[in-house]
Each structure stands twice: as structure tokens, then as C-alpha cells.
Amino acid sequence: MKKIIHYPLLLLTSAAGLLFFMSFPKLFNYRPDGSEHLGFKVLDFLKAFMATTLQFFEADSWLFFEKWNQETVIDRYTYSLEIILVSLVFTIFIGSCIAYILMSISFKKRSKLKHVLNFFEGLPDLLVIFIIQMSLFALYRDFGIRLVTMYGLAGKEPLIFPMIINSLLPSMFFAQYLLKIMEEEYEKHYILLGQAKGLSNLHILFVHLTRNILPVMSIHFKTIIFMITTNLVLVEQMFVLNGYTKELYNLLITRGGSPVQVFFYVGVFLVPVMLLERVVTLSGKKAANAQGLNI
């Protein structure tokens, strides 16, 4: 019963949030009557909110599918989804490598390296991307070495570089979280039993411990995938990529764009992401129930 109510309510709140976002600029009056202060126009905001809501019930507002179903838009759509999916693979691979390497060394060395990991995970995304950009510029300027194609100019759309950049900080977060649940799992009795039987630490780590932490990892999968999705906006803008966020930006700044069209453009992009998150989460819950875990 809760799930039946949950999804329609989620759809309604998403639509309400979009309507609020599109009407929000009407709330402010910039320098009214030559004043240096910011004014508020609550009545104008409510009128804009109602007018935007009524567009959902106008037949002309729904005549946009042919505009979306164009080769240019579809190419941008698939390109952005490719970046998200491959970035997700990079995030899991890089984060897992870091976590397993740290778990394979001594506790004293691991504690020092965890501070470094925590430092990088806490850095703002924009700062990290800017430092990488400046480093590549300096490398090309001083030595004439161009490691990767960074920008989507002259019809060239880089693939590997934006995917790596998009997955750097999420992989730090994933490694940090994976390391935490590994250390908690390492305190359980079956680990001591395996050590008492003479099993190597690597065998316990890669076989027994990994199998038991997979359900817990899947529950927090949504955090990783939504971090990658939000980073995509920043990456596509900073590297001038011809992705789907550019299409959304053009739609928002174009006069006459209906809220139904904006809602559809955003929804059709998030549906594959949310479906992937649901499949992984439900698979993790099913595996947890099979192991007798309550997560």
C-alpha cells in the first residue's frame, strides 16, 4: 500500500518542484523604483505559478515530442547517458581498487592513507576539475604534450576524459564508504573463524567478506549514481560538451517553452538512471533477505 502511494506522490512533488522552480524568478523585484534593495512580489509569483500550472491542461503544451525526437537531441541524450554509465563503471572500479588496496595493508599505514582519502573526498568538484584543467594546460604549454582531448569543439566529442573526471570524486566517496563497511565486517566472528582455519587474509577479503557486503553496498548505490548525475552538469558545461544538459539549458532560456516540455525533457533523462538505481537496490534487498539480513 505504501509503494502504491509513494510513486504517484513522488511524481506530484516532482511536478510541483518544477513549477516552483520555473515561477521562482517572479518572486523577486530587482531594484524597485531605483532602490538598491531587493524587493519581493509574492502576488506576481502566485500568478506565475498558477499560469504555469494551467499550461499542463492546455493541448498545445503537449505538442513537443517531434521536437525531442530529432537526431541532434537523441545524439545528445545518448551521449550524456553513455558518460553516466561508463562513469559509474569507472567509479566502482577505481573505488573498489582503492578500498581493497587499503584493506590489504597494515592498520597503521591504512589510517594515514585514510586521512588523505578523506581530504580529497571533501574537495569541491569545481576545484578539482579546475586544478586538472590547469595541470593539463601547463603540461601542453611547457612540454607540448596533450594527453587527452578535453573540449567538445569542432564537432569532436571526447568520451574517456569526461567520464574519468566525472567519476573521480564519486570514486573517492565510494572507496571511503566501502572501506568503512569492510572494517566493520572484519570484526565479525566468521572472519576470526576463517583466520583460525588458516585461510589467507586475501582469500577472506575477496571471497567471504566481499560476498557479505554486496547487499549493503547496493542499498547506498543511489548516492553514487546521483552524485555522478549531478556532476555531469558541471562537467558538460566546463568542457563545452554537446550533451543533454545543453539541450535542457537551451530549453529553459527559450521563451515559450512549456512546463510540460521541461518536465518531459528532465523526466526522460532521469528515468533510465532511476530504473538502474531501483534494479540494483531491489537486487541488494533480495540478496540481503536470502542471507537473513534486515537492511
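This is a predicted model: local features need pLDDT of at least 70, side-chain atom pairs count only at pLDDT 80 or more; totals for chains, interfaces and linings use all residues.
**Exercise 1.** Determine how many cavities of 30 Å³ or more the structure holds, and describe the lining of the largest cavity.

*Solution.* A search of the whole structure returns 1 cavity of 30 Å³ or more, and the space in the largest cavity comes to about 70 Å³. Its lining consists of Asp125, Val128, Ile129, Ile165, Asn166, Leu168, Leu169, Asn231 and Val235. Sorted by class, the lining comprises 6 nonpolar, 2 polar and 1 charged residues.

**Exercise 2.** Characterise the largest pocket by its volume, its lining and the elements that supply the lining.

*Solution.* The largest pocket contains about 1100 Å³ of space, and 32 residues line the pocket, with Ser14, Val266, Gly267, Leu270 and Met274 lying nearest its centre. Two or more lining residues come from each of helix 1 (2-23), helix 10, helix 11 (244-253) and helix 12 (259-290), and the largest share, 11 residues, belongs to helix 12. The division by class is 20 nonpolar, 7 polar and 5 charged.

**Exercise 3.** Identify the residues of the nonpolar surface patch that includes Ile131, and classify the exposure of Ile131.

*Solution.* The patch is formed by Leu127, Phe130, Ile131, Met134 and Phe137, which together have about 430 Å² of accessible area. Ile131 is located in helix 6.

Conventions:
Residues are numbered from 1 along each chain as its sequence is written. Side-chain values use heavy atoms; hydrogens and water are left out. On a 1 Å grid over the protein atoms alone, a cavity is a set of points where a 1.4 Å probe fits but cannot get out, and a pocket is an open set with protein on both sides within 12 Å along at least five of seven lines; lining residues have an atom within 4 Å of a point. Grid points are joined across faces, edges and corners, and a volume is the space filled by probe spheres set on the points. Ala, Val, Leu, Ile, Met, Phe, Trp, Tyr, Cys and Pro count as nonpolar, Asp, Glu, Lys and Arg as charged, and the others, Gly among them, as polar. Patches are made of residues with over 30% relative accessible area and no salt bridge: like charges are joined within 9 Å, nonpolar side chains (Val, Leu, Ile, Met, Phe, Trp, Tyr) within 5 Å. Accessible areas come from the Shrake-Rupley method with a 1.4 Å probe; for residues, only the protein chains shown count as cover. A salt bridge is a side-chain nitrogen of Lys or Arg within 4 Å of a carboxyl oxygen of Asp or Glu. Helices (H or I, at least four residues) and strands (E, at least two) are DSSP runs, numbered from the N terminus. Buried means under 20% relative accessible area, exposed over 50%, partly exposed in between (1.4 Å probe, protein chains only).
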